Amino acid sequence: MVEVTADGAAEPAGSYRPGYEVVAERILQLIAESGLRPGDRMPTEKDLAARLDASRSVVREAVKILSAIGRVRAHKGRGLYVADDDGMLGSSRWGGFFLPADLDHVYMLFEFRRIQETAASRLAATHATPAELRAIEAAVETCRQGHLIEQAALFDRGDDDFHLAVAVASHNQFLVASVREARRLQRQSSTIGLHGTVGGHAPEAVEEHAAIYRAIRDGKPDEAAKAAAVHLDNTLEDYRREIQRRVFG
């Protein structure tokens with residue numbers, strides 16, 4: 001069920017999510033249900049407003065979000081288009097159906113991340129060079145500082161740097177590409193479902209990163225893989241709680 005707020009925003013009954021965020025999610029659903037592919041032209045803002053029973057100003061804000069996360073392209077004088085995306089997971093096969101606030105999709109993404117990042121951590125424990133170990137350690141500290149001074153952007157930068165640095169240390173370019181793209185999709189979920197906030201798992205995430213780093217540094221592949229699995233499982237649980245709290249109250 002959808003209610004319309006005083007400013008014309010479509011919003012699920014009983015939810016306190018901003019109308020533009022809800023409309024952004026519904027635009028992605030419309031793209032998927034309509035079978036639109038990367039490069040296809042989308043309905044105009046006016047048409048979207050009519051279809052979604054929302055004001056044009058709210059639709060405009062929703063489009064800005066979708067443009068920022070790479071799902072929609074707005075071409076001046078030409079209209080809106082489904083974004084062309086050549087990324088491994090951003091292709092029409094994956095990125096075309098991924099709905100950032102759909103828990104089933106989030107679960108599938110984390111299942112995939114668990115497989116790829118446990119493998120990357122295991123390989124990193126065998127292949128990491130001293131320079132790569134320093135990069136992983138630096139990312140751990142960036143995350144720690146972001147948490148301590150409550151700077152979400154710094155924490156997120158350290159988080160991205162950490163996971164990519166571990167993948168790089170695996171010396172497997174397929175893992176590097178897939179880790180980068182899976183995290184890009186996860187950021188979409190964070191932006192639309194969680195407002196880009198650092199969840200309640202942040203303190204534990206800092207220590208979990210440190211545990212992964214120590215296992216890689218000490219050349220212990222099994223321990224590195226296990227630590228990565230624990231981290232992904234805990235992060236998924238944090239996402240599940242946050243999305244359910246924000247969507248269902």
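Here is a friendly conversation about a predicted model of one protein chain.

Student: What share of the residues in the chain is buried?
Tutor: A residue counts as buried when its relative accessible area is under 20%. The chain has 249 residues, and the buried part of them comes to 48%.

Student: What percentage of contacts between residues at least 6 apart in sequence join residues at least 24 apart?
Tutor: Start with the contacts in the chain between residues at least 6 apart in sequence. Then keep those that join residues at least 24 apart, and the share is 71%.

Student: Are α5 and α8 roughly parallel or roughly antiparallel?
Tutor: Helix α5 covers residues 130-148 and helix α8 covers residues 202-217. Their axes come within 9 Å and cross at roughly 165°. Angles over 145 degrees count as roughly antiparallel, so α5 and α8 are roughly antiparallel.

Student: Is the crossing of α5 and α8 left-handed or right-handed?
Tutor: Residues in α5, including L133, V140 and H147, meet residues in α8, among them V206, Y213 and R217. By class, this contact has ten nonpolar, two polar and four charged residues. As for the hand of the crossing where α5 passes α8, it is left-handed.

Student: How many charged residues are in the contact of α4 with α8?
Tutor: On the α4 side we find S121, A124 and A125, and on the α8 side I212, A215 and I216. Sorting them by class gives five nonpolar, one polar, and for charged residues, none.

Student: Is E117 buried or exposed?
Tutor: E117 lies in helix α4, which spans residues 103-127. Its relative accessible area is 6%. Buried means under 20%, so E117 is buried.

Student: Which side chain makes a polar contact of 2.4 Å with the side chain of E117?
Tutor: The side chain of E117 makes a polar contact with that of R113, at 2.7 Å. E117 also touches V179, R183, A228 and L232, among others. The polar contact of 2.4 Å is with the side chain of H163.

Technical notes: Residues are numbered from 1 along each chain as its sequence is written. This is a predicted model: local features need pLDDT of at least 70, side-chain atom pairs count only at pLDDT 80 or more; totals for chains, interfaces and linings use all residues. Side-chain values use heavy atoms; hydrogens and water are left out. Axes are lines fitted to C-alpha atoms, for helices over the stretch in contact, and angles run from 0 to 180 degrees between N-to-C directions. Helices (H or I, at least four residues) and strands (E, at least two) are DSSP runs, numbered from the N terminus. Angles under 35 degrees count as roughly parallel, over 145 as roughly antiparallel, 65 to 115 as roughly perpendicular and the rest as oblique. A crossing is left-handed if the near helix is turned anticlockwise from the far one by less than a right angle, and right-handed if clockwise. Contact means heavy atoms within 4.5 Å. Ala, Val, Leu, Ile, Met, Phe, Trp, Tyr, Cys and Pro count as nonpolar, Asp, Glu, Lys and Arg as charged, and the others, Gly among them, as polar. Buried means under 20% relative accessible area, exposed over 50%, partly exposed in between (1.4 Å probe, protein chains only). A polar contact is a pair of N or O atoms within 3.5 Å; within protein, one must be able to donate a hydrogen and the other to accept it, and residues adjacent in sequence count only if both atoms are side-chain atoms. Lists of a residue's contacts leave out its neighbours within four places in sequence.
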